[in-house]
Amino acid sequence: MFNGEQRVTRKPVKRVHKQARDILIYGVSIILAIIYLVPFYWTVLKAFRNSIFANFPPDMNPLSKTSLAYFLTNLKTVWGFGDFPLWYLNSVVVSVAVVAGSVFVGSLAGYAFARLKFPGRDLLFYAVLATLMIPFPVISIASYVFMLDIHWLSTYQGLIFPQIASALDVFIMRQYFMTIPEEVEFAAKIDGLKPWQIFFKVSAPMAAPAIAAATIFSFISSWNNFLWPLMEVHSLNLFTLPLVLNFFKGANGTQIYWNQMMTVNILTIIPTVVIFALFEKYFIRGISIDVSAR
Amino acid sequence: MGVRIENLRLKYGDKLALDDINLEVNDGEFLVILGSSGSGKTTLLRCVSGLIEPTEGSVYIDDVDVTGYYPSDRNVAMVFQNFALYPHMTVYDNISLNLKLKKLPRNEIQKRVEEVARTLHIDGYLKKYPKQLSGGEQQRVGLARAMVRDPSVYLMDEPLSNLDAKLRHEMLGELRNFHDRVGKTTIYVCHDQDEAMALADRIVIINGGRIVQVGDPTELYDHPRDSFVASFIGNPPMNLLDCTVSKERGVTGLYFQGKKITAVPDLPEETERVTLGIRPESLIPDAKGPIEAEFDYTILSGSNNEINSLAGGKPLKAVVRRSMSNVSEINRYQHGDLMHFSIGKGMLYIFNAETGKIIKEMSTDEIESAERPDNTVQRF
């Protein structure tokens with residue numbers, strides 16, 4: 001009896017620290033998750049309503065039968081609004097083009113900064129990094145004037161090109177390439193790959209996690225970009241989703257169609273979630289500094 | 001045939017990474033380039049492979065001047081310390097990449113890859129990815145990748161350094177067998193003299209970007225050209241004692257910390273200070289011995305005791321067969337205790353104290369005759 005008691009009292013003492021730590025970690029994680037999820041919940045809640053007016057008392061379950069019916073109606077309204085499918089397609093086309101261009105340029109530039117030796121390399125790299133600190137609005141007017149001068153205003157290329165070449169992508173790619181041992185490229189040289197083949201067949205595939213991270217970052221920034229399309233686009237045919245959202249504010253902001261606006265929001269979030277789900281596994285490896293690499 | 005390096009020099013800015021390298025590697029020879037880290041040994045290998053272009057000089061492979069050739073056009077194969085396999089390709093693709101780029105027929109490629117894989121016992125792993133294999137298996141894949149192309153020269157850059165001790169020992173034997181089987185010129189870089197001794201037909205010792213000495217393993221061990229080679233080859237390394245030279249009653253003697261430790265035949269150079277090299281095997285613990293040292297610690301290795309002590313602030317090592325030595329006496333020593341050594345049988349090396357170049361090497365037998373002044377020898 002005495003021995004048994006002793007055992008019972010001694011074991012938990014050791015575990016208390018671990019338990020306390022677990023509770024702390026999970027507690028903080030849960031609180032953070034709630035903080036992040038509440039706006040999503042609110043979005044869904046609003047999208048599953050039938051009018052601009054809030055019900056009182058509010059129905060907090062968005063998945064009830066009536067709510068679902070309201071959502072379908074909202075979806076129909078939104079999808080039929082103006083050229084909504086075209087605008088959606090615009091967003092997809094622009095973002096995919098920006099991602100492709102940005103990852104291509106970013107990986108080549110990152111590779112050059114990581115591997116090639118040329119005069120002024122480090123200075124140039126820090127100059128590229130420094131552009132991260134310049135907010136887009138600062139250069140927006142200059143970009144606008146530039147587009148005006150080359151007659152690219154209100155064109156797809158005008159929408160796409162200024163968003164390509166992100167310093168963040170260059171940085172991510174460079175950091176990752178630096179963790180790849182040079183010997184692998186030496187081996188490829190001896191096996192007979194020419195330098196550009198080494199990049200595409202060996203170095204870039206090895207940098208897949210960084211490419212995933214760059215893809216996600218550039219996709220999100222382009223997909224959510226509001227200011228540049230707002231300045232660039234003067235024709236309804238070129239509207240992207242963030243601009244479309246503005247319509248549901250109502251005329252002069254007098255009336256805001258929250259239910260429709262939130263429905264558009266949900267439609268807007270879907271591709272981002274899909275992209276993240278696809279690349280999440282690589283993404284984490286791409287942005288975490290790989291201490292185990294060597 | 002083989003490899004020839006002529007007047008090779010490599011500059012990084014103002015720094016000379018390699019200087020005045022002249023080297024001939026015979027056809028079918030296993031040559032080991034031995035040096036400590038930063039000595040330029042890997043750089044030299046990369047100059048041969050074409051990964052680095054020398055500032056001056058030429059590299060010949062099979063009597064063709066390949067300086068300026070792209071690495072793959074030199075028909076060399078290379079094995080790397082960190083294996084350097086392509087992680088996103090299967091073992092089969094890793095091995096066959098070069099053959100595919102040479103546009104060999106598919107069935108020919110398959111035949112050669114499978115043959116090489118069988119020889120190296122990795123035929124079960126062809127569909128796997130490098131990270132699914134152990135270190136030893138990965139290095140076999142690296143070896144297979146080199147072997148499958150049937151190159152003129154194998155270049156190996158510390159291929160065993162990333163393996164654990166037991167596996168390294170196994171692979172040493174396999175590498176030597178491999179070389180004997182293919183009979184191809186091999187240049188092998190390492191920093192481990194045991195590895196070099198085990199594998200090499202000849203060893204090149206490189207230090208500070210310059211070749212210090214070239215010779216077969218026993219030659220380097222028996223006849224080091226300078227004190228660097230002497231302290232580099234041999235395990236534990238040769239003891240180097242700073243001695244003064246002085247002549248008394250017609251006999252030249254070497255004095256260490258004021259005590260005469262040995263007589264020597266007349267030196268070809270007039271000098272007051274020399275460095276005396278004594279192999280640890282030639283030192284005997286002897287209470288009446290002239291070399292005074294502070295006991296530090298003992299390491300047991302196999303049938304030997306390695307006694308580590310400090311003489312004049314520098315490490316002094318003696319290797320004593322346990323069966324021969326009075327173990328219980330050595331075991332009584334405490335850290336810091338005073339002990340004495342005398343010189344037993346073996347070779348002694350006298351180096352120039354400034355340049356480190358060898359002045360004279362002699363066996364202890366020769367010294368015994370030097371001990372007696374010339375006239376006494378005449379009289380009897």
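Between domain 1 and domain 2 of chain A there are zero salt bridges, a salt bridge being a side-chain nitrogen of Lys or Arg within 4 Å of a carboxyl oxygen of Asp or Glu. The same rule-based search gives zero residue pairs in polar contact across that interface, both residues at pLDDT 80 or more. A polar contact here is a pair of N or O atoms within 3.5 Å; within protein, one must be able to donate a hydrogen and the other to accept it, and residues adjacent in sequence count only if both atoms are side-chain atoms.

This is a predicted model, where local features need pLDDT of at least 70, side-chain atom pairs count only at pLDDT 80 or more, and totals for chains, interfaces and linings use all residues. Residues are numbered from 1 along each chain as its sequence is written, chains are lettered from A and ligands numbered from 1 in the order in which they are written, and side-chain values use heavy atoms, with hydrogens and water left out.

Staying with chain A, domain 1 covers 2–47 and domain 2 covers 78–289; the bounds come from an automatic or database domain assignment. Their C-alpha centres lie 38 Å apart. Five residues of domain 1 of chain A and seven residues of domain 2 of chain A make the contact, with contact meaning heavy atoms within 4.5 Å. The two domains of chain A bury about 460 Å² between them, 84% of it on carbon and sulfur atoms. Buried area is the accessible area (1.4 Å probe) that two parts lose on being put together, summed over both. On the domain 1 side, A:T43, A:K46 and A:A47 supply 80% of the buried area, more than any other three residues.

Now chain B. Its domain 1 runs 3–231 and its domain 2 runs 236–373, and here too the C-alpha centres are 38 Å apart. Nine residues of domain 1 of chain B touch 11 residues of domain 2 of chain B. About 910 Å² is buried between these domains of chain B, and carbon and sulfur atoms give 52% of that. B:Y221, B:S227 and B:A230 lose the most area on the domain 1 side, together 45% of what that side buries. Salt bridges between the domains of chain B number zero, but there are five residue pairs in polar contact, both residues at pLDDT 80 or more. In domain 1 of chain B, the elements giving two or more residues to this side are α7 (217–222) and α8 (227–232). Helices are DSSP runs (H or I, at least four residues), as are strands (E, at least two), numbered from the N terminus. The largest share, three residues, comes from α8(B).

Last, the interface between the chains. The buried area is about 1700 Å², 66% of it from carbon and sulfur atoms. Two salt bridges are counted between chain A and chain B. One of them joins the side chains of B:R149 and A:D191, at 3.8 Å from N to O. There are also 10 residue pairs in polar contact between the chains, both residues at pLDDT 80 or more.
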